[in-house]
Amino acid sequence: MMGKKYDVIALGELLIDMTDNGLSGQGNTLFEANPGGAPCNVLAMLNKLGRKVAFIGKVGDDIFGNKLKKVLDEVGIDTRNLIIDKEARTTLAFVETFEDGDRDFSFYRNPGADMMLKKEEVDVSLLQDTKIFHFGTLSMTHPEVREATKFSIDEAKKAGAVISFDPNLREPLWNDLEDAKEQVLYGLTKCDVLKISDNEIQWLTGKEDYTEGVKKIREKNDIPLIMVSLGKEGSRAYYKKTGSEEEIMVEVKPFLQEDTIETTGAGDTFGGCVLNYVLEKGLDDLSENDLKEMLTFANGAASIITTRKGALRVMPDRKEVEELIKNR
């Protein structure tokens, strides 16, 4: 992975999370416009850890799209391949937060600018100059952006990049969950690093037991590093050297916070920390202690973000995470 200008480039959705922020004096719900989108949340965490990152995607030439570009510039994410589309509108996601911090989403995306990215708008030179390429499935819900995503994966892979995949399933955005499953299965054939949530792996594999689910994924896919995020139960890492039959599994408990507000961005924060560790250590020879150290830091960072509204603009820095781990 030496000699590349960028540490991580991500492609996908950049949107506004309209987050519940209490009630007005008249009893009406107030919404706060938080910049969001899973791939950019991952990049924001990596930037906080000192990594050089860039984003490929599209927003509308409207109030929200122009604000989003300013935010990415502000947090240090390269926007040279962020397309501003005069014809499309920036996607909005209204987020309802429950008492335990979990969420429900309502998307305004029919169409949204993020799903209008075209293959010919992708800057191939960026893909050829990155150590890691990261993607999810929200850029695979519709034919045009799906083509752009698959093209980008192939170009990055040809250039020797490590491919990172987070399915990040959002059921309301799919016309057909069988199509969603098909695209997730495609992503599994391309990635070297997979981050998947507990409910996603159960949905995908039909296995309640996570280890059985990972085993099923590995029957057809040679993925060295698989993380299963378990929410309030912490996280697991399953590691297997390429071509080896031996697998290491490590589980690390979470850092539960009394002042949790919401879980938006927690999985992305976790994923960004994992990718930072891959940049530090590579994928060729990870030990059980390496995996434990990786998950502990990632769990700590994810727990901090649950105490803040939004994610992209408020990622924790290394010192904050290390302090939390130290005082556990």
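Strand E8 (residues 130–135) and strand E9 (residues 162–165) run parallel and are joined by four bridges; helices (H or I, at least four residues) and strands (E, at least two) are DSSP runs, numbered from the N terminus. His-134 has Ser-164 in E9 as its bridge partner. This is a predicted model, in which local features need pLDDT of at least 70, side-chain atom pairs count only at pLDDT 80 or more, and totals for chains, interfaces and linings use all residues. Residues are numbered from 1 along each chain as its sequence is written, and side-chain values use heavy atoms, with hydrogens and water left out.

Ser-164 is also the bridge partner of Val-193 in E10. Two bridges join E9 to E10, and these strands run parallel. Between them the chain passes through helix H5 (residues 177–190), a right-handed β-α-β crossover (with the strands pointing away from the viewer, the path from the first strand over the helix to the second runs clockwise).

Five of the five residues of E10 (residues 193–197) are buried (under 20% relative accessible area, 1.4 Å probe, protein chains only). Val-193, Lys-195 and Ser-197 point one way, Leu-194 and Ile-196 the other. E10 is joined in parallel to strand E11 (residues 225–229) by five bridges, and Leu-194 has Ile-226 in E11 as its bridge partner.

These strands belong to an open sheet of nine strands with mixed pairing, in the order E5-E4-E1-E8-E9-E10-E11-E12-E13; two strands pair if DSSP finds at least two bridges between them. Strands E5 (77–85) and E13 (248–252) are at the edges, each with a single partner strand, so one side of each has no neighbour in the sheet.

Methods
Buried means under 20% relative accessible area, exposed over 50%, partly exposed in between (1.4 Å probe, protein chains only).
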